[in-house]
Amino acid sequence: MRPRRRPVSMRVPVPVLTSDPVPIRSSGDVVLLRQQVRARAIEQAFSLVDQTRIVTAASELARNTLDYGGGGRALIEVLKEGPRVGLRLTFEDSGPGIPDIELALSDGYTTGRGLGLGLGGARRLMNEFYIESKPGAGTRVIAIRWH
Amino acid sequence: MDRIPILKMGPFLLVTIQVDMHDRLALMLQDDLTSRIADTGAKGVLIDISALEMVDSFIGRMIANIAGMARVLDAQTVVTGMQPAVAITLVELGLSLPGVRTALDVERGMALLRSFQDQPDEAAPPPRVDEGAGAGPDE
Amino acid sequence: MATSRPTFLATVLQENGAAVLDAWMREQADAPTLRPDLISEAELRQQSSELLQLLGAAARSGDPVSGVGWDPVREFLSSLSVSRTAMGFTAVETATFIFSLKQPIFEQLRAVVPDGKRLVDELWIATTTIDALGLHTTSVALEARERLILRQQEDMLELSTPVVNLWDGILALPMIGTLDSARTQVVMESLLQRIVETGAEVAIIDITGVPTVDTLVAQHLIKTVTAARLMGADCIISGIRPQIAATIVHLGVDLSNVATKATLADAFRLALRRSGHSLGRTAPRKDA
């Protein structure tokens, strides 16, 4: 992890630690990612339940990246906003993209992306959730869990 | 690649999941269990997940699938030892495990499976039905 | 604040370090914010001395105070600030430690800087440097204090709702007072944890002492019951007052899958039955 320094000024979330990009190219990679995320969450003193939420969300999103994005990569970042500490997960792929994001987020959507609970479930487990996706332009999912 | 071992205990099959499974391993377990139930005519399957620190929708679906296939083969499924953090996360994920009975530990899970044996005519197990908001002292 | 020429600050710290340290210690001793009850003079001197060394090295680096050359100083101040907060120092007390360095530095600068115009420049550099470090220290101290308070609040939450071992395999969780979302969450987690620890298959959540319940709390309750069921235990919610029952119906919360009883006693009777117990009289009732 490369430490990044910024002056502590306004209450804007600032990444203080960033992982090297984690490849998501196989189901084994998904397991490795879970372990890395778990380690980072423990290190940032998240409660056991919060750790589980974050790791589970990571697993869902990683699987999506692999199965529907054709593989991609993940980024694990520790954020600081004033006294608050957060963990930000970013998943990127250059796959086919999501044509209808709202539909993909609804549970039970099983054709194409979404696979039932994947995206919607991950969103419920995290505090902030963003998707950028366009058909043919790949997908980026960002999820943050705050202390 | 390692497979998750399946133990036979009388008329029941016991599986203890102790590794962080990748998706292929989970699918293999699903297939292996189904075959073993068919081969042995087992009446019950006990899946102990006390060592699992995470159950996501894929593993949840695997468990539900196992229970469904077991049911078709006339076997009950009991899941034991779910950790509190995992249980809370599963509920928030929105995952229910239809057709899956649960118990706190392997011992109680086995007792539950045996109790099903004593009532062979009991209908298919839905999620447990609780008494409603009755105010009376007698049930 | 670009400084490409070496500053007198660096010179002063290098050559007059001992004098600065002595003068600084006197300033600190005179300050009303001194806390001899929390930190000894020896320890204070040791910390001051170490900081001066780091300051000297940083000043010699030629970087502006926001630059990389001052990282060791900032790190030292961060950990000092955090540990002082844990010891009970206020943010102001901790910051005064830094600001009280100005006087000794100014005196030295007045003595060594050759001309008035240069002196003004050097004083400006020194004061803005110390200000920046003081602000950094204050900021870290405030954050540390906020974190401490948050942790104390969490601890209090856990303590305020104990889980009771009512009988073999039967737990009771008497909830009292208004429930907010955060409290309910903490309490529920500890209930589930106790279920695992005691191997109890039945947990009674009694809300007799709860005047009102909102949607969020009702959802947390249901979430707990569902989670307990996934673990292999059952929950019974007891003590639902008529007003709460009305609220629950009005909010459209679905309790059809949850066992509910009007009183804790009824819930206990049910719990006994479920866990295979029965209670009976062994002696006739003593009627007055």
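In this predicted model, Asp74(B) lies in the loop that links α2 (57-72) and β4 (76-80) of chain B. Although Asp74(B) is not a glycine, its phi is positive, at about 65°. Asp74(B) has 12 other C-beta atoms within 10 Å and is therefore exposed, since the cut-off for that class is 12 or fewer.

**Chain B: fold and confidence**

- Chain B contains four helices and five strands.
- Read from the N terminus, the order of these elements is β-β-α-β-α-β-α-β-α.
- Chain B has 139 residues, of which 42% count as buried.
- Where contacts in chain B join residues at least 6 apart in sequence, 77% of them link residues at least 24 apart.
- The average pLDDT of chain B is 86, and 85% of the residues reach a score of at least 70.
- Residues 126-139 of chain B have a pLDDT below 50, and this stretch makes 13 contacts in the model beyond near neighbours in sequence.
- Where pLDDT is low, predicted coordinates should not be read in detail.

**Chain A: fold and confidence**

- Four helices and seven strands form the secondary structure of chain A.
- From the N terminus on, the elements of chain A follow the order β-β-β-α-α-β-β-α-α-β-β.
- Of the 147 residues in chain A, 41% are buried.
- Among contacts in chain A with a separation of 6 or more, 61% are between residues 24 or more positions apart.
- Chain A has an average pLDDT of 85, with 84% of the residues scoring at least 70.
- One stretch of chain A in which pLDDT stays under 50 is residues 6-10, with four contacts in the model beyond four places in sequence.
- Residues 109-115 of chain A also stay under 50 in pLDDT, and the model gives this stretch 13 contacts beyond four places in sequence.

**Ala45(A): a positive phi in a loop**

- Ala45(A) is located in the loop between α1 and α2 of chain A.
- The phi of Ala45(A) is near 60°, which is a positive value in a residue other than glycine.
- Ala45(A) has 12 C-beta neighbours inside 10 Å and so counts as exposed, the limit for that class being 12 or fewer.

- On the side facing chain B, 21 residues of chain A are in contact with 17 residues of chain B.
- Helices α1 (27-43), α2 (48-69) and α4 (118-125) of chain A each contribute at least two residues to the side of chain A that touches chain B.
- The most is given by α2(A), which supplies nine residues to that side.
- By type, the residues of chain A on the side that touches chain B are seven nonpolar, eight polar and six charged.
- With chain C, five residues of chain A are in contact with seven residues of chain C.
- The side of chain A that touches chain C comprises four nonpolar residues, one polar residue and no charged residue.

**Chain C: packing of α1 and α6**

- Helix α1 (residues 8-15) of chain C packs against helix α6 (residues 102-112) of chain C at an angle of about 105°, and their axes are 10 Å apart.
- Because angles of 65 to 115 degrees fall in that class, α1(C) and α6(C) are roughly perpendicular to each other.
- On α1(C), the residues that make the contact are Phe8(C), Thr11(C) and Val12(C); on α6(C), they are Ile105(C), Gln108(C), Leu109(C) and Val112(C).
- The residues in the contact of α1(C) with α6(C) are five nonpolar and two polar, with no charged residue.
- Phe8(C), Leu9(C), Val12(C) and Leu13(C) are the buried residues of α1(C).
- An α-helix has 3.6 residues a turn, so residues three or four places apart point the same way.

**Chain C: Leu142(C) in α7**

- Leu142(C) belongs to helix α7 (residues 116-159) of chain C.
- Leu142(C) and Ser81(C) are 61 residues apart along the chain, and their C-alpha atoms are separated by 9.0 Å.

Conventions. Residues are numbered from 1 along each chain as its sequence is written. Chains are lettered from A and ligands numbered from 1 in the order in which they are written. This is a predicted model: local features need pLDDT of at least 70, side-chain atom pairs count only at pLDDT 80 or more; totals for chains, interfaces and linings use all residues. Axes are lines fitted to C-alpha atoms, for helices over the stretch in contact, and angles run from 0 to 180 degrees between N-to-C directions. Angles under 35 degrees count as roughly parallel, over 145 as roughly antiparallel, 65 to 115 as roughly perpendicular and the rest as oblique. Two residues are in contact if their C-beta atoms, placed from the backbone, lie within 7 Å. Ala, Val, Leu, Ile, Met, Phe, Trp, Tyr, Cys and Pro count as nonpolar, Asp, Glu, Lys and Arg as charged, and the others, Gly among them, as polar. pLDDT is the predictor's confidence in each residue, from 0 to 100. A residue is buried if 20 or more other C-beta atoms lie within 10 Å of its own, exposed if 12 or fewer, and partly exposed in between; C-beta atoms are placed from the backbone.
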